[in-house]
Amino acid sequence: MPIPEDVSLVAGGVIAGLGYADVHVMFGVGMAGVLIGDATMFMIGRLFGERVLSWRFVAKLLTPERYCAVQDKFARYGNRLMFIARFLPGLRSAIFLTAGMTRRVPFWRFLLLDGLAALISVPAWVYLGYFGAYNRDWLMTWIGRGQVGILAIIGLIGLVLLFSYFKRRRAERCAKRDC
């Protein structure tokens, strides 16, 4: 069953924090798992090309609109997108599949950029679980703050989009009336 890797990484840190494993080994295992999973998505796209868009599980993940949007982002942002994708859970798989399908990114560059980004995210999640293993209140506080922060950012983006929508709509109405 596929589960978000962040949950697995925090769980690995908690296991290490409780004394059942070494935290540094857990970090290494987590890095290997993340890179193997990401490389698998990339290679599926590379080997099967656009045929994967007709597969049921891929069609749900990578709609035609999302595929076009990701291609546009590749054209605009290039390698930066490969690095940033590690921090975008909802788009990560779509970006990695598209990177493989479009063949714009060589495998070694993909692995390098993804690996550098994973060197930030993987230890953060593993060590968060490790330090929070015996201090559940502290761990839940930080997880809650993260959730509140994410919700606040989403809310702010929503307000900006709503404001720009009404501003554009008002400008269109004004243009029709020759204000």
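This is a predicted model: local features need pLDDT of at least 70, side-chain atom pairs count only at pLDDT 80 or more; totals for chains, interfaces and linings use all residues.
Me: How many aromatic pairs does the count come to?
Reply: Rings are taken to pair if their centres lie within 6.5 Å. By this rule the count comes to 10 aromatic pairs.

Me: Are the rings of Phe-42 and Phe-110 stacked or edge-to-face?
Reply: The ring centres of Phe-42 and Phe-110 are 4.5 Å apart, and their planes stand at 15 degrees. Planes under 30 degrees apart count as stacked. The pair of Phe-42 and Phe-110 is therefore stacked.

Me: How many residues apart are Phe-42 and Phe-110, which link distant parts of the chain?
Reply: Phe-42 belongs to helix H2 (residues 23-48), whereas Phe-110 belongs to helix H7 (residues 107-132). Both Phe-42 and Phe-110 are buried.

Me: Is the aromatic pair of Tyr-130 and Phe-131 stacked or edge-to-face?
Reply: Centre to centre, the rings of Tyr-130 and Phe-131 are 5.2 Å apart, with 70 degrees between the planes. An angle over 60 degrees counts as edge-to-face. The pair formed by Tyr-130 and Phe-131 is edge-to-face.

Me: Is Phe-131 buried or exposed?
Reply: Phe-131 is part of a cluster of ring pairs with Phe-27, Tyr-127 and Tyr-130. Phe-131 has a relative accessibility of 53%, so Phe-131 counts as exposed.

Me: What is the area of the nonpolar surface patch made by Ile-15, Leu-18, Tyr-20 and Tyr-134?
Reply: One of its members, Tyr-20, lies in the loop between helix H1 (5-17) and H2. Tyr-20 counts as exposed, at 67% relative accessibility. The patch made by Ile-15, Leu-18, Tyr-20 and Tyr-134 has an area of about 490 Å².

Note on methods. Residues are numbered from 1 along each chain as its sequence is written. Side-chain values use heavy atoms; hydrogens and water are left out. Rings of Phe, Tyr and Trp (its six-membered ring) pair if their centres lie within 6.5 Å; planes under 30 degrees apart count as stacked, over 60 as edge-to-face and the rest as tilted. Helices (H or I, at least four residues) and strands (E, at least two) are DSSP runs, numbered from the N terminus. Buried means under 20% relative accessible area, exposed over 50%, partly exposed in between (1.4 Å probe, protein chains only). Patches are made of residues with over 30% relative accessible area and no salt bridge: like charges are joined within 9 Å, nonpolar side chains (Val, Leu, Ile, Met, Phe, Trp, Tyr) within 5 Å. Accessible areas come from the Shrake-Rupley method with a 1.4 Å probe; for residues, only the protein chains shown count as cover. A salt bridge is a side-chain nitrogen of Lys or Arg within 4 Å of a carboxyl oxygen of Asp or Glu.
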